[in-house]
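Subject: A structure for you to look at

Hi,

Here is the structure I promised to pass on. Have a look around it first, and then read my notes below.

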Amino acid sequence: MKERAMGGREGKGLVLCIDDETDLLRDLADELREAGYGAIEVASGEGALEQLARVQPDLILCDISMPGMDGYAVLKAVKAGGGPNAAIPFVFLTALAERQQIIDGKRLGADDYLVKPIDYDLMLATVEARLRQVKLWPDRAAHPATQHWPDASSPEAMGVLDVLATPVIVTDAGRRVHFANTAARKLVAEMGGLLLDGVISARDDAENRKLGIWLREVGTGEGEGEVAALTISAGSDEHDLPLFGIALQSGRAEPHIAVFLGNRQRPPLPRPETLSSIYGLTPTEARISLLLAGGAKPAAIAATLGVSATTVAFHLRNIFEKTGADRQATLVGLLFSCPAISATLD
């Protein structure tokens with residue numbers, strides 16, 4: 001059981017301060033204590049993890065550039081460890097307010113940044129604001145911040161993926177297929193580039209080798225947190241198949257990989273019922289909207305529906321009015337922003 005250390009003389013909260021600069025570390029702690037917070041001083045990332053194994057602070061202030069275990073590694077370890085500590089607000093201290101540093105930290109789960117030299121008034125305001133947000137959350141002791149879906153193959157996660165019209169395959173660096181949703185199985189059956197038979201593979205030998213290398217790179221964490229792209233050639237008579245992969249960080253030795261299949265010819269669109277529910281479109285208006293989003297011209301839509309061009313124009317006016325779109329491009333953008341739910345579920 002972790003200790004709940006004293007949160008300062010006014011009970012404002014406990015802050016874990018991590019920085020290898022001794023003078024700055026002392027100043028951070030002194031300012032926090034003067035403001036009524038409790039403060040723990042740690043001079044290394046390794047020492048911080050030792051403290052976190054015993055004490056649960058309310059907020060973490062952590063330098064990025066430290067010898068040995070840097071701030072990014074500390075944040076990764078805290079998030080990967082799960083439990084209540086994974087929900088603790090994490091604020092980075094950095095001497096360089098570089099855009100990429102901020103992006104990298106945000107992707108890892110950092111909540112905020114303070115730039116050195118530290119403005120202590122800004123620091124105290126940031127700490128106060130973050131802790132105020134925490135008080136609005138459910139009690140962490142009563143509701144530990146564990147992942148609801150700790151396993152990529154859990155029934156809940158698979159159920160959500162299976163209703164998506166976006167084709168998704170869950171695999172690993174060894175190519176084993178842990179799950180393929182309805183849309184993925186349908187697309188693979190229709191296109192000639194990929195095979196799903198317990199493992200994921202490409203029909204062409206050269207493309208298959210390329211796929212294997214790509215999956216190993218995604219699975220081993222090169223470019224961690226980034227979406228990696230690959231295009232599988234399906235032959236002269238088929239359209240190329242774009243793949244987008246990202247490792248699902250779950251702490252396992254061999255992480256699962258989510259592979260999203262692109263379909264340039266038939267991008268996933270919402271069902272007509274979805275458009276009727278969101279915008280109040282009639283069945284005919286919903287169908288015209290989807291044909292338009294699929295690239296059909298008004299004349300082709302009229303021919304498909306067996307109606308006149310004037311009728312299509314009439315429906316389009318109603319569609320624009322109901323959706324609030326001012327032009328065709330805006331309308332198509334609205335349609336693609338709607339949830340694309342699979343029309344046929346197994």
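Below is what turned up, going from the whole chain down to a few rings and a pair of helices.

Before anything else, keep in mind that this is a predicted model.

**The whole chain**

The protein chain has 13 helices and 12 strands. It runs to 346 residues, and 42% of them are buried. If you take the contacts between residues at least 6 apart in sequence, 57% of those join residues at least 24 apart.

**The aromatic rings**

A pair of aromatic rings is described by the distance of the centres and the angle of the planes. Searching the whole structure gives three aromatic pairs. Take Phe 90 and Phe 92: their ring centres are 5.2 Å apart and their planes sit at 75 degrees, and since an angle over 60 counts as edge-to-face, that is what we call this pair. Are these two buried or exposed? Phe 90 counts as buried because its relative accessibility is 1%, and Phe 92 is buried too, at 0%.

Phe 92 also pairs with Tyr 113. Here the centres are 5.6 Å apart and the planes are at 50 degrees, so this pair is tilted. It links distant parts of the chain: Phe 92 belongs to strand β4 (residues 90–94) and Tyr 113 to strand β5 (residues 112–115), with the two residues 21 apart. Tyr 113 is buried as well, with a relative accessible area of 12%.

Put together, ring pairs join Tyr 72, Phe 90, Phe 92 and Tyr 113 into a cluster.

Two packed helices are described by the angle between their axes and the distance between the axes. Now find helix α10 (residues 283–293) and helix α13 (residues 328–337): their axes come within 10 Å and cross at roughly 105 degrees. Angles from 65 to 115 count as roughly perpendicular, so that is how α10 and α13 lie to each other.

Which residues meet there? From α10 come Ser 289, Leu 290, Leu 292 and Ala 293, and from α13 come Gln 328, Leu 331, Val 332, Leu 335 and Phe 336. Sorted by class, this contact between α10 and α13 has seven nonpolar residues, two polar ones and no charged ones.

Conventions
Residues are numbered from 1 along each chain as its sequence is written. This is a predicted model: local features need pLDDT of at least 70, side-chain atom pairs count only at pLDDT 80 or more; totals for chains, interfaces and linings use all residues. Side-chain values use heavy atoms; hydrogens and water are left out. Axes are lines fitted to C-alpha atoms, for helices over the stretch in contact, and angles run from 0 to 180 degrees between N-to-C directions. Helices (H or I, at least four residues) and strands (E, at least two) are DSSP runs, numbered from the N terminus. Angles under 35 degrees count as roughly parallel, over 145 as roughly antiparallel, 65 to 115 as roughly perpendicular and the rest as oblique. Contact means heavy atoms within 4.5 Å. Ala, Val, Leu, Ile, Met, Phe, Trp, Tyr, Cys and Pro count as nonpolar, Asp, Glu, Lys and Arg as charged, and the others, Gly among them, as polar. Rings of Phe, Tyr and Trp (its six-membered ring) pair if their centres lie within 6.5 Å; planes under 30 degrees apart count as stacked, over 60 as edge-to-face and the rest as tilted. Buried means under 20% relative accessible area, exposed over 50%, partly exposed in between (1.4 Å probe, protein chains only).
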